[in-house]
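Subject: structure handover

Hi,

Here is the structure I promised to pass on. Have a look at it first, and my notes on what turned up follow below.

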Amino acid sequence: MNLHTALLQGARLLEDGGIVAPRLTAEVLLSHSLHCERVYLYAHPEQELKEVEWIHYGRYLHERLQGKPTQYITKRQEFYGREFRVTPDVLIPRPETEHVVEVALRVAKDASRIVDIGTGSGALAVTLQFETGAAVCATDISPAAATVAAQNAARLGARVGVVICDLIDAIADGSVDLLVSNPPYVPAAQREGLQREVRDWEPHVALFAGESGFELYDRIIADAGRVLRAGGWLVMELGFGSLEHVRGRLECWRDVRVEPDLAGIPRVIAARSGTALR
């Protein structure tokens, strides 16, 4: 079996199985089996697969057909130009979350102390540490997720401390210039409507936020004023349909602004604290 034939057969299997982007997925899984870049497959189409490579490729195809996300198979996902390790213990970083970074850099580019709430893979925390040079702390309630975040920070060389706690319970009063978060925001009632890759594979603690989907937003906003210094910023990703509720909770904050994503959907909300403590 050469690379060209393996790629064709894999793409056909995935297409028949209803997998989105079957050709691209087959390329990613085959190159992962060979520990090479995708371009290598086209530069060496006649190369024969070794038995171990064929075994790995077959297993990866089977896992994807069962709904396992490609990123959990390859254990990799790019975010803001850097490659992060991901496991089923953390959400897969989405391109839309890069808007949180962009907004944070605009409103608080001089922040010297940043906290990423519910860090998961550490994508936001690591990215902001590199982009600002600030002291960054990442929190997560999941010890397994915190381990992944710490490993990503160490592997990439980012100065990020990771704390296992519930939201910002462990953060000192008035100690932070910038809070960022991509919190859980899916209402529990919407579970069955999610794609199976999300519903069956990504960690529920990082997905669901009570019956309304607003529970974590409310808790973060209620405690954010305690940890922010005067004039500090809170920047959060917005879930679909959450804008009005979250904006209502921020009515006593200053400089509230909403940023859309490339599709025009409200994606990020930012607001400024007026006092050091509340």
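**What I found**

A170 sits in the loop between β5 and β6. Helices here are DSSP runs of H or I with at least four residues, strands are runs of E with at least two, and both are numbered from the N terminus. A170 and A222 are 52 residues apart in sequence and 15 Å apart in space, C-alpha to C-alpha.

Before you go further: this is a predicted model, with local features needing pLDDT of at least 70 and side-chain atom pairs counting only at pLDDT 80 or more, while totals for chains, interfaces and linings use all residues. Residues are numbered from 1 along each chain as its sequence is written, and side-chain values use heavy atoms, with hydrogens and water left out.

**The sheet**

Seven strands make an open sheet with mixed pairing, in the order β5-β4-β3-β6-β7-β9-β8. Two strands count as paired if DSSP finds at least two bridges between them. At the edges are β5 (160-164) and β8 (254-260), each pairing on one side only. From one strand to the next, the twist averages 15°. Axes are lines fitted to C-alpha atoms, for helices over the stretch in contact, and angles run from 0 to 180 degrees between N-to-C directions.

Helix α8 (residues 143-156) packs on the sheet, where it touches β4 (135-140) and β5, and its direction makes about 175° with that of β5. Within the sheet, β3 (residues 113-117) and β6 (residues 176-181) run parallel and are joined by four bridges. I114 has L178 as its bridge partner in β6.

**Cores**

Both members of that bridge come up again in the largest nonpolar core: it has 28 residues, and I114, L128, V160, L178, V180 and V235 have the most contacts inside it. A nonpolar core is a set of buried Ala, Val, Leu, Ile, Met, Phe, Trp, Tyr and Cys residues joined through side-chain atoms within 4.5 Å. Buried means under 20% relative accessible area, exposed over 50%, and partly exposed in between (1.4 Å probe, protein chains only). At least two residues of this core come from each of α6, α7, β4, β6, β7 and β9. The biggest contributor is α6, with six residues.

Helix α6 (residues 98-107) is mostly covered, with seven of its 10 residues buried. Those are H99, V100, V101, V103, A104, L105 and V107. They pack against β1 (76-79), α7 (123-132), β6, β7 (228-237), β8 and β9 (266-272).

L128 touches V101, A104, L105, I114, G133, V136 and V180, not counting residues up to four places away in sequence. Apart from this core lies another, of 26 residues, among them C137, I171, A209 and M236.

**Hairpin and pocket**

Strands β1 and β2 form a hairpin with two residues between them, and Y80 in the turn has a positive phi of about 55°. The two strands run antiparallel and are joined by four bridges; the partner of R76 in β2 is R85.

On a 1 Å grid over the protein atoms alone, a pocket is an open set of points where a 1.4 Å probe fits, with protein on both sides within 12 Å along at least five of seven lines; lining residues have an atom within 4 Å of a point. Of the 30 lining residues, V28, T70, Q71, R76 and Q77 are the closest to the centre. The largest share of the lining, four residues, comes from α2.

G120 lies in the loop between β3 and α7 and is buried, at a relative accessible area of 12%. Leaving out residues up to four places away in sequence, G120 touches V90, D140, A145 and A149. S242, in the loop between β7 and α11 (243-249), is buried too, with a relative accessible area of 3%.

Definitions and conventions. Contact = heavy atoms within 4.5 Å.
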